[in-house]
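Let's take a friendly walk through this fold, helix by helix. Keep the viewer open as you read.

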Amino acid sequence: MPFRRYPRQFRQLATYVFAGGLTAVAHYGVLIGLVELGHVDPVPATLAGFVVGAVVSYTLNRWLTFEATHSHAQATWRFALIAAGGFVLTGILMHLFVARAGLPYLPMQLVTTGIVMVFSFLGHKFFSFADRAA
């Protein structure tokens, strides 16, 4: 069955999850590489991974997920603003979970990813890309 036959909201969520999966591979690849191979503390390592993931996320979500009504120039600064919020939220959560509570970094990154993903989806849908159907 062609993907277009599904309701628009389902298609949008499916492509967001797909883009998020590729974003997570980039983010987690940097995180794990820096922690395990580079012996970097998990909090700065996850923030470095977040930046790499943000580039992947912007590219894929603008192209696949949202029918953007803003130009690339407008969407970029809007995306950066939401990404900055996600960056700060990631840093705070990972600091609390790993540095303060002493919990293992990888499971806590999964929890953090889930929280930040909801924040980011809503921010990008209604602000960054101003989705036509929103």
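A crossing is called left-handed if the near helix is turned anticlockwise from the far one by less than a right angle, and right-handed if clockwise. Helices here are DSSP runs (H or I, at least four residues), numbered from the N terminus. This is a predicted model, in which local features need pLDDT of at least 70 and side-chain atom pairs count only at pLDDT 80 or more, while totals for chains, interfaces and linings use all residues. Residues are numbered from 1 along each chain as its sequence is written, and side-chain values use heavy atoms, with hydrogens and water left out.

Two packed helices are described by the angle between their axes and the distance between the axes. The axes used below are lines fitted to C-alpha atoms, for helices over the stretch in contact, with angles from 0 to 180 degrees between N-to-C directions. Angles under 35 degrees count as roughly parallel, over 145 as roughly antiparallel, 65 to 115 as roughly perpendicular and the rest as oblique.

Begin with helix 1 and helix 4, whose axes come within 11 Å and cross at roughly 140°. That angle makes helix 1 oblique to helix 4, and their crossing is right-handed.

On the way from helix 1 to helix 2, the loop between them holds H39. Most residues other than glycine have a negative phi. H39, although not a glycine, has a positive phi of about 55°. At 67% relative accessibility, H39 counts as exposed (buried means under 20% relative accessible area, exposed over 50% and partly exposed in between, with a 1.4 Å probe and protein chains only).

Next come helix 2 (residues 42-65) and helix 3 (residues 72-100), with axes that come within 10 Å and cross at roughly 150°. The two are therefore roughly antiparallel, and this crossing is right-handed. R62 is partly exposed, at 23% relative accessibility.

Helix 3 also packs on helix 4: their axes come within 9 Å and cross at roughly 155°. Helix 3 is thus roughly antiparallel to helix 4, again with a right-handed crossing. Buried or exposed: which is T90? T90, which is found in helix 3, is buried, with a relative accessible area of 2%. Beyond its neighbours within four places in sequence, T90 is in contact with T46, L47, F50, T112 and V116.

Where do nonpolar side chains gather? A nonpolar core is a set of buried Ala, Val, Leu, Ile, Met, Phe, Trp, Tyr and Cys residues joined through side-chain atoms within 4.5 Å. The largest one has nine residues: L31, V35, V43, A45, L47, M94, V98, Y105 and M108. Helix 1 (8-37), helix 2, helix 3 and helix 4 (105-128) each give two or more residues to this core, and helix 2 supplies the largest share, three residues. Apart from it lies another core of eight residues, including F50, Y58, A75 and F129.

Technical notes. Contact = heavy atoms within 4.5 Å.
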